[in-house]
Every structure is written in structure tokens, then in C-alpha cells.
Amino acid sequence: MDIAQRNNVTVTGNPQGRTVVLAHGFGCDQNMWRLTSPALTEDYRVVLFDYVGSGRSDGSAFSEDRYGSLEGYAQDVVEVCEALDLREAVFVGHSVSAMIGVLAAAMAPGRIGAHVMLAPSPRYIDDDGYRGGFSADDIDELLASLEANYLGWSAALAPVIMGNADRPELGEELKNSFCATDPDMARVFARTTFLSDSRNDLKSVTVPTLVLECTQDVIAPREVGAFVHEAIPGSTLVTLDATGHCPHLSAPEATNEAIRSFLADLR
């Protein structure tokens, strides 16, 4: 199978620069990086892609067996890295993609040499001594609502996830992105995302890591950012002057500055 076509892979930027892979979160696609990619292309080679089931990926490659776990999405990342023969790439993962990047790095040592985790969450459900932001009942209700009426769920939840109520166009964009995703594939990705627990996988991270959180984020509250930072020795935690779960759209200048500063310090 042509991996570039399957995952709608796009390569731009400086072919002599270090490779930066930008990975979108649930219900999104690579277009969500349109305000970040131009800030990187002068100095870095930028790789964009869509997970199978998202964006302009090849939906015929979708399998519930494969994509019913985060490992299936991580395999997408590994296969994209292998197809492009990437070495020591910087993986910028938004939301659940941060954890997908951790799994991919463990699957294919040497392919990923650094992580930027943008609004990451290794577990969304509260646990003893851990605040993920949701109770188990919250997640059950969220998934039941999504499965009963995906378009209605998208319209109701997108503005909440995005935050920035004073800028309704941002919530509208996220809603449109959700609605453009095949509902059956979205249901699988949602269950995979919101029921995941990747806390133990953070122990495998030994490469330079930047954790970016927002001042207010209903999906990944600041306790989560602190947990991820503490779980990854030597990681850097930066709190962006931004609200909501998608700072690369709501506060691109602050997000891009933090990413570029981290990249500049890498050796």
C-alpha cells in the first residue's frame, strides 16, 4: 500500500533542516496546523499527515480491529516515518497524538528523537491520585451522546473543547472538522481516545520533551500537564497564555514561539 496516499502525507519546508512531524488530534486533520507549519518551514522539513479515518486519508484502509487501540494509530506514524526514512524526527502531537507519538517512538527506536506534546493527556478519566478531567460517568455519557447523534454531539461539544467563547468562529471550525469525519470511524477513534490510559507509557520517554499546556483547558486541565511533566524526567513544561484545547488555532503566535524555541535548543 502507498503509505503517502493512505495517510495523505505532505512534505514541505527546508529539505536540509531537521524533520518536524505535525500530528493532529481526534476529529481533526492536518489542516489544523496551517497556522503553525509556515512558522517552521524556513528552517525545518515539515511532515503533515492524516490518520486513517481522518481528513483526506484513504478510508478504505480503516479497520476497527487496528484502530480500536492507540497502537493502531501509532503504527500509522511508524509506517509514515519508515516510508520517508525519518531519523531523529521531532514529533509534535496535539492532544491524544502526544501519547500516540510516545507509542510510535517505542515501536521504532531512532525514528523519533524529540517530542512536543501540545495539550497532552495520558488518561481522561479521573483515578485515585490523578485528575484527568472527567469521571467515568462523564465519559460514558459523552460516548453515548456521540454514538447516538454524532453531528449533534459535534455541534454541542466543539465550542466547549475549543474554548474562547468570544471567538465563535474557532468553535465553528472545530465543529466543521468533526462533522467532516466519517461518523463510524469517529466513534472508534473517540472510544480509543477517551478510554485510553497511557500513563505507564510515559516512563519509556528518554528523548528531549516539551509539554505545552494552556491556562484553562476542559479536556486537559493543568493537573494533567504537571503529571506528564513529572512523569518524563528532564522534560520542560510551558504554560501558554492561551485557553481551550487547541492553542495552535486560538493562540498560534504563542504556540509557535514555544515550539521554535524548543527546536532551536535541540542538538
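Is Val21 buried or exposed? Val21 counts as buried, at 3% relative accessibility; buried stands for under 20% relative accessible area, exposed for over 50% and partly exposed for what falls in between, using a 1.4 Å probe and protein chains only.

## About the model

This is a predicted model, in which local features need pLDDT of at least 70, side-chain atom pairs count only at pLDDT 80 or more, and totals for chains, interfaces and linings use all residues. Residues are numbered from 1 along each chain as its sequence is written, and side-chain values use heavy atoms, with hydrogens and water left out.

## Val21 and its surroundings

Val21 belongs to strand β2 (residues 19-23). Strands (E, at least two residues) and helices (H or I, at least four) are DSSP runs, numbered from the N terminus. Setting aside residues up to four places away in sequence, Val21 touches Val47, Phe49, Leu86, Ala89, Val90, Phe91 and Val92, where contact means heavy atoms within 4.5 Å.

## Val211 in strand β6

Val211 sits in strand β6 (residues 209-216) and counts as buried, with 0% relative accessibility. Leaving aside neighbours within four places in sequence, Val211 is in contact with Met117, Pro120, Gly225, Val228, His229, Thr236, Leu237 and Val238.

## Aromatic pairs

How many aromatic pairs does a search of the whole structure find? The search finds 14. Rings of Phe, Tyr and Trp (its six-membered ring) pair if their centres lie within 6.5 Å; planes under 30 degrees apart count as stacked, over 60 as edge-to-face and the rest as tilted. One of the pairs joins Tyr124 and Phe194 edge-to-face, at 5.2 Å centre to centre and 65 degrees between the planes. Tyr124 lies in the loop between β5 (112-118) and α5 (136-148), and Phe194 in helix α8 (residues 183-194), so this pair ties together parts that are 70 residues apart in sequence. Both Tyr124 and Phe194 are buried.

Tyr150 and Trp153 make a stacked pair, with 6.0 Å between centres and 15 degrees between the planes. These two residues are three apart in helix α6 (residues 150-162), so about one helical turn separates them. Tyr150 is buried, with a relative accessible area of 3%, and Trp153 is buried too, with a relative accessible area of 3%. One aromatic cluster takes in Phe26, Phe49, Tyr51, Phe62, Tyr67, Tyr73, Tyr124, Tyr150, Trp153, Phe178, Phe189 and Phe194.

## Helices α5 and α8

The axes of α5 and α8 come within 10 Å and cross at roughly 175 degrees. Axes are lines fitted to C-alpha atoms, for helices over the stretch in contact, and angles run from 0 to 180 degrees between N-to-C directions. The two helices, α5 and α8, are therefore roughly antiparallel to each other; the cut-offs are under 35 degrees for roughly parallel, over 145 for roughly antiparallel, 65 to 115 for roughly perpendicular, and oblique for the rest.

On the α5 side the contact is made by Ile139, Leu142, Leu143, Leu146 and Glu147, and on the α8 side by Arg187, Ala190, Arg191 and Phe194. These residues of the contact of α5 with α8 divide into six nonpolar, no polar and three charged. Here Ala, Val, Leu, Ile, Met, Phe, Trp, Tyr, Cys and Pro count as nonpolar, Asp, Glu, Lys and Arg as charged, and the others, Gly among them, as polar.

## The loop between β5 and α5

Phe134 is found in the loop between β5 and α5 and is buried, with a relative accessible area of 12%. Apart from neighbours within four places in sequence, Phe134 is in contact with Tyr124, Ile125, Asp126, Ile139, Val218 and Ile219.

Ala119 is also found in the loop between β5 and α5. Ala119 has a positive phi of about 50 degrees although it is not a glycine, and counts as buried at 2% relative accessibility.
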